[in-house]
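Good morning, colleagues. Please look at the sequence and the structure as I bring them up, and keep them in view while I speak.

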Amino acid sequence: MFDGEMESAAQRSGKQIDELLACIAPDHESRDLTPKSVQKFHIMAVRAGVGRHDGLLWPAFSLVRQASALRVASSRFDGAAFEGVLEAGSISIIAPGACIESDWLSRPQAHYIHFADDDVEEALARSGSGRTPQLRSELSVDDSVLRGMFSNLVLEAEQGWRNGEMFGEWLAMAILERAVQANVRESQPSSDGTGKLTARQLARVLGMIEARIDQDVSLTELANAAGLSRYHFARCFRGSLGVSPVQHVINRRLERASKLLTASRLPVIEVALACGYDNTSNFARAFKQRYGVTPTQYARQ
């Protein structure tokens, strides 16, 4: 399931968790849904049989989203007792080193996402919660925004990242930051400003986007080109151009597509490929959302 010579820290954490679940959960099944080029997070779909597990120590900061309602006979989640039903769509936060004991009355079906330690540390540093913010496990997080973002990430993963791996990477980063902000104790507003990219940084990043407009370019690659962390880069990019890196890439792809449709006789599928879309349905959906007509209709105008 986990192939490749260069496993990321997030992938290793995912492999550890998968092995733990396989040991303690009857009829355990899992699917790796992580985008191929992404190393900062790992996402998988998990199904298991009805059963009980005791004293499970969790290795990484993770979020778990229930794909269906889960009936729990008894549970101790990092010391907190629970019995009852976890509704479909509910989200749990699991801190590294958490001790979990559970007895399931129905078959668990969930999506797990694990994050790289350095990203978690940076999100903590940016939370404005003091010098030593403490992460804690929560069985059910009452945050509708976090639920919505995680639901969108699951949809993207299950549909093969139709909006591109960069969008998935950006969304996972936003989920991590939201989860940390909701989780740390005595949170205070951050004093960190948005900032802007320097002219040289902006030129380098925009040049990379234009040169690879027909390919997937990751948020990590753009941040590295600017010499910044992904969090700082995303804020500074928005501060410079007023939109997120993801939205800028989408805008540039569709602008290029509109020019190709009117200035050439290329078939729609070739225009889609030249603008970074690997199939016409995703391209047509994005194009119509932007211009109000399909690519074919636009070309005939």
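Arg230 counts as buried because its relative accessibility is 7%; buried here means under 20% relative accessible area, exposed means over 50%, and partly exposed is in between, with a 1.4 Å probe and protein chains only. Residues are numbered from 1 along each chain as its sequence is written, and side-chain values use heavy atoms, with hydrogens and water left out.

With which residues does Arg230 form salt bridges? A salt bridge is a side-chain nitrogen of Lys or Arg within 4 Å of a carboxyl oxygen of Asp or Glu. One partner of Arg230 is Asp119, with the closest N and O atoms 2.1 Å apart. Asp119 belongs to helix α2 (residues 117–125) and Arg230 to helix α7 (residues 230–241), so this pair ties together parts that are 111 residues apart in sequence. Helices (H or I, at least four residues) and strands (E, at least two) are DSSP runs, numbered from the N terminus. Asp119 is buried, as is Arg230.

Arg230 also meets Glu169 in a salt bridge, at 3.2 Å from N to O. Here the link runs from helix α7 to helix α4, between residues 61 apart. Glu169 counts as buried because its relative accessibility is 2%.

By the salt-bridge rule just given, the count comes to 13. Another of these pairs joins the side chains of Glu221 and Arg212, at 3.1 Å from N to O. Glu221 is partly exposed, with a relative accessible area of 31%. There is also a network of salt bridges that links Glu210, Arg252, Glu255 and Arg290.

Let me turn to a charged residue without such a partner. Arg65, in strand β4 (residues 62–66), is buried yet has no salt bridge. How far away is the nearest side chain of opposite charge? That side chain is Glu158, 8.3 Å from Arg65; Lys and Arg count as positive and Asp and Glu as negative, while His and the chain ends are not counted. Leaving aside residues up to four places away in sequence, Arg65 touches Gly89, Ser90, Ile91, Gln109, Ala110, His111, Phe150, Ser151 and Val154, where a contact means heavy atoms within 4.5 Å.

Two further residues deserve a word. Trp161, in the loop between α3 (144–158) and α4 (165–183), has a positive phi of about 55 degrees although it is not a glycine. Most residues other than glycine have a negative phi. Trp161 counts as buried, at 10% relative accessibility. Met44, placed in strand β2 (residues 41–47), is buried with a relative accessible area of 0%.

On a 1 Å grid over the protein atoms alone, a cavity is a set of points where a 1.4 Å probe fits but cannot get out, and a pocket is an open set with protein on both sides within 12 Å along at least five of seven lines; lining residues have an atom within 4 Å of a point. Grid points are joined across faces, edges and corners, and a volume is the space filled by probe spheres set on the points.

The search of the whole structure finds 2 cavities of 30 Å³ or more. The largest cavity has a volume of about 250 Å³ and is lined by 21 residues, of which Gln66, Phe77, Ser102, Trp104 and Tyr112 lie nearest its centre. Strand β5 gives the most to this lining, with 4 residues.

The largest pocket has a volume of about 420 Å³. Its lining comprises 20 residues, with Asn163, Phe167, Val246, Gln247 and Ile250 nearest its centre. Helix α8 gives the most to the lining of this pocket, with 7 residues.

Finally, the chain as a whole. It has 11 helices and 9 strands, and buried residues make up 46% of its 301 residues. The average pLDDT, the predictor's confidence in each residue from 0 to 100, is 83, and 88% of the residues score at least 70. Where is the pLDDT under 50? This holds over residues 1–5 and over residues 185–193. Where pLDDT is low, the predicted coordinates should not be read in detail.

Conventions: This is a predicted model: local features need pLDDT of at least 70, side-chain atom pairs count only at pLDDT 80 or more; totals for chains, interfaces and linings use all residues.
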